[in-house]
Amino acid sequence: LVPFTAAAKPLLVGLGALAVDLMIALPVTGILRGRIGQRTWRAIHWGAYAMWPAAFIHAIGMGSDTSTLWGRALGIAAVAVIGGSVAWRLLLPPDSAPAPLATR
């Protein structure tokens, strides 16, 4: 769970650990949103955009199935979904973003 401390391939293993840490932080901070504040919540959730490429690079570098047809198809599908999601977020008109939740 501590990124970049592995003995073998520390960069690739570290990217995977970082992605897992972010994946755990997202729902936890979602639950605690009213207690941690909007600014902290938003900063952590922007980290989700870093989680996807970190997990993808980890999978390409460490994955044992990346040379199989289904592994490549899954990788291409992941890039398409990630790219589409980022494009949708960037092209979304600013006034159509959901309003922030009220803090208690």
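The model shown here is predicted, so local features are reported at pLDDT of at least 70 and side-chain atom pairs at pLDDT 80 or more, while totals for chains, interfaces and linings use all residues. Residues are numbered from 1 along each chain as its sequence is written, and side-chain values use heavy atoms, with hydrogens and water left out.

The protein chain has five helices and zero strands, where helices (H or I, at least four residues) and strands (E, at least two) are DSSP runs numbered from the N terminus. Read from the N terminus on, the elements follow the order α-α-α-α-α. Of the 104 residues in the protein chain, 17% are buried; buried means under 20% relative accessible area, exposed over 50%, and partly exposed in between (1.4 Å probe, protein chains only). The accessible surface comes to about 7,600 Å², and carbon and sulfur atoms hold 73% of that area, as given by the Shrake-Rupley method with a 1.4 Å probe, with only the protein chains shown counting as cover for residues. Among contacts (heavy atoms within 4.5 Å) with a separation of 6 or more, 46% join residues 24 or more positions apart.

Helix H1 covers residues 10-31. Its 22 residues should span 32 Å at 1.5 Å a residue, and the end C-alpha atoms are 31 Å apart, which agrees; the expected span is 1.5 Å times one less than the number of residues. The buried residues of H1 are Leu12, Gly14, Leu15, Gly16, Ala17, Ala19, Leu22, Leu26 and Thr29. Their cover includes helix H2 (33-36), helix H3 (38-46) and helix H4 (48-62).

Thr29, in helix H1, has a relative accessible area of 8% and is therefore buried. Leaving aside residues up to four places away in sequence, Thr29 touches Ile36, Trp41, Ile44 and His45. A polar atom of the Thr29 side chain also lies 2.8 Å from the backbone oxygen of Ala25. This is a polar contact, meaning a pair of N or O atoms within 3.5 Å; within protein, one must be able to donate a hydrogen and the other to accept it, and residues adjacent in sequence count only if both atoms are side-chain atoms.

Arg33 belongs to helix H2 and counts as buried because its relative accessibility is 15%.

The structure holds one aromatic pair. Trp46 and Tyr49 form this tilted pair, 5.1 Å centre to centre and with 35° between the planes. Rings of Phe, Tyr and Trp (its six-membered ring) pair if their centres lie within 6.5 Å; planes under 30 degrees apart count as stacked, over 60 as edge-to-face and the rest as tilted. Trp46 is partly exposed at 43% relative accessible area, and Tyr49 is partly exposed at 33%.

Further along, Thr66 is found in the loop between H4 and helix H5 (69-91). With a relative accessible area of 34%, Thr66 is partly exposed. Its side chain reaches the backbone oxygen of Gly63 at 3.4 Å. Not counting residues up to four places away in sequence, Thr66 touches Ala59, Ile60 and Arg72.
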